[in-house]
Amino acid sequence: MIQTSLRKALHAATGPMTLDIQLDILTGEFLAITGASGSGKTTLLRLLAGLEKPEEGRILVDDTVWLDSARGIQLPIQERKVGLVFQEYALFPNMTVRENLEYGLGKGQSKVIIDELIGITELEQLLDRYPAKLSGGQQQRVALARALVRRPKLLLLDEPLSALDNRMRERLQNYILQVHQAFSLTTLLVSHDHREIFKLADRVISLRQGKISQPDLPETVRYANVSDGTFRLSGEVLQLEEAGSGFSVSVLIGTNVLRVPATMEDLRRLQPGDRVEVLVDAQHAMLIKA
Amino acid sequence: MDSGFGQTLLLTFQLAAVTTVLLLFIGVPLAFLLSRTQSRFKPILEALISMPLVLPPTVLGFYLLLAFSPRSALGNWLVETANIRLVFSFAGLVIGSLIYSLPFMVQPIQSGFESLPKHLREASYSLGKSVWQTLLRVELPNIKPAVLTGIVLAFAHTVGEFGVILMIGGNIPGETRVASIAIYDEVEALNYGMANQYALVLVLFAFTILALVYTINRRMLRTA
């Protein structure tokens, strides 16, 4: 479990604003962060990594304090055990693929992990090449593998795939999903791509002006109506797809994704990004304490 | 005459070599700090380092002469405590050259550091590596052309130094008489043949070393 509470003044292109975020992330969770550019997504990742300092905040990872401004605790990035992947790959140009990976080894750490990562990300053929001789997708595979050499608890991906074309992007998404599961990671992904978020993430939060924006809460409450056994939930269409003999539409409601059966007619008039309402027929509503 | 010629050239290159090696150890940390600092004193430090680029060398030489003179507080202290005389001595020339050639070492290396994407060092830090390890294994190896440019410019510039040396070094054979001074001296004595020998060596040296730098830099860019 990662508990964070962070506050930092930012100077975005749109003027000064305050990043103010309370966020709990479950161990093993894959959390996507979306939002307009300049909304503070990258800053949130950099604060978690320890690349930037908040004015005020706390980061608690399991039982370890990474940051506590009240007590003056601030673990440097070197001691935080995070894996970082940037949009720009950031491979070291003076090292081959293998050297890039081995650079990440800690003192006395066994090289077994390297072979394991090479296997998962299928880098066998590229080990002796320099980054300049690799395609974007290949470079990002190396960067992903390198970020995992230290066996981090937390993997931070800052728009890792936005410089890649669609085909390469889908392949990389599979690698990301594989390592997330294989290494039991807690993963944070900054992304603009709804399909990508839907495919990878368990949960998604949206940032607006440095704050986690609540998804139309008043509207949802107004329409939710249990007396006649129907919920009306407003949300956003993420993806349309075939499901068995019929079709389904995935709708983002709050931070949850609901997969709703759909007709051919629905598919024709809807597209990702549309606002929709989902009517749920529920005769009995029950509360269970989480 | 011939031994004087060899001795003068040897002294010239000795001065340049000593200066360059010392400058490398001063220039790299200085360039690193300048590229990284957010301090508001940065422009002032940069201006101080770059002053020898625009000041007449005689100005620098004049103030060094005053500072080094045994009649000044600093010069007097040096003579009293360590018996070091910096005026008209090789050690004095080295110090003058260090100041005079400093911008030629610092500027290329600083812009080398500044041109490196910051993601490289951040990736290195995230892999648990310290600032020092990152500097040695990631940053310096990736700005080799800039470091090489700094080394060569500092060396060549020291070889070509004249005004500062004239002020604080004088013309003592084997101690402070370097090639550029020798040329001036030979011309004064209407000894044009000798002056030409020195001048030709310097011309060939300057051309060769610059051609070498451009060739190496081109090759490095191609393999990078």
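Visitor: How many bridges join E12(A) to strand E13 (residues 246-253) of chain A?

Guide: Strands here are DSSP E runs of at least two residues and helices are H or I runs of at least four, numbered from the N terminus. Two strands pair if DSSP finds at least two bridges between them. E12(A) and E13(A) run antiparallel, and the number of bridges joining them is 7.

Visitor: Before we go on, what kind of model is this?

Guide: Residues count from 1 along each chain as its sequence is written, chains are lettered from A and ligands numbered from 1 in the order in which they are written, and side-chain values use heavy atoms, with hydrogens and water left out. Local features need pLDDT of at least 70, side-chain atom pairs count only at pLDDT 80 or more, and totals for chains, interfaces and linings use all residues, since what you're looking at is a predicted model.

Visitor: Back to that pair: which residue takes a positive phi in the hairpin of E12(A) and E13(A)?

Guide: Within the pairing, A:Glu241 sits opposite A:Ser248. The hairpin has 2 residues between the strands, and the positive phi, near 65°, belongs to A:Gly244.

Visitor: In what order do the strands of the 5-stranded open sheet in chain A come?

Guide: E1 (residues 2-12) and E2 (residues 15-25) of chain A run antiparallel over 11 bridges, making a hairpin with 2 residues between them. E1(A) also pairs with E4 (residues 56-61) of chain A, again antiparallel, over 6 bridges. Then E5 (residues 64-68) of chain A is joined to E6(A) by 2 bridges. The pairing in this open sheet is antiparallel, and the order is E2-E1-E4-E5-E6.

Visitor: Why do some strands there have one side left without a neighbour in the sheet, and which are they?

Guide: They stand at the edges with a single partner strand each, so one side of each has no neighbour in the sheet. The strands in question are E2 and E6 (73-74) of chain A.

Visitor: Which strands edge the 6-stranded sheet of chain A?

Guide: That sheet is open with mixed pairing, in the order E7-E8-E9-E3-E10-E11. At one end, E10 (residues 203-208) of chain A meets E11(A) antiparallel over 2 bridges, with A:Arg208 opposite A:Lys211. Pairing on one side only are E7 (82-85) and E11 (211-212) of chain A.

Visitor: Is H6(B) parallel or oblique to H7(B)?

Guide: Axes are lines fitted to C-alpha atoms, for helices over the stretch in contact, with angles from 0 to 180 degrees between N-to-C directions. H6(B) and H7(B) pack at about 125°, with their axes 10 Å apart. Under 35 degrees is roughly parallel, over 145 roughly antiparallel, 65 to 115 roughly perpendicular and the rest oblique, so H6(B) to H7(B) is oblique.

Visitor: Which helix gives the most to the lining of the second largest pocket?

Guide: A pocket is an open set of points on a 1 Å grid over the protein atoms alone, with protein on both sides within 12 Å along at least five of seven lines; a cavity is a set where a 1.4 Å probe fits but cannot get out, and lining residues have an atom within 4 Å of a point. This pocket holds about 490 Å³ (the space filled by probe spheres on points joined across faces, edges and corners). Its 23 lining residues include A:Leu51 and B:Arg36, among those nearest the centre. With 4 residues, the top contributor is H6(B).

Visitor: And how much space lies in the largest cavity?

Guide: The whole structure has 1 cavity of 30 Å³ or more. Lining it are B:Phe113, B:Leu116, B:Pro117, B:Leu120, B:Arg121 and B:Glu139. The space inside is about 30 Å³.
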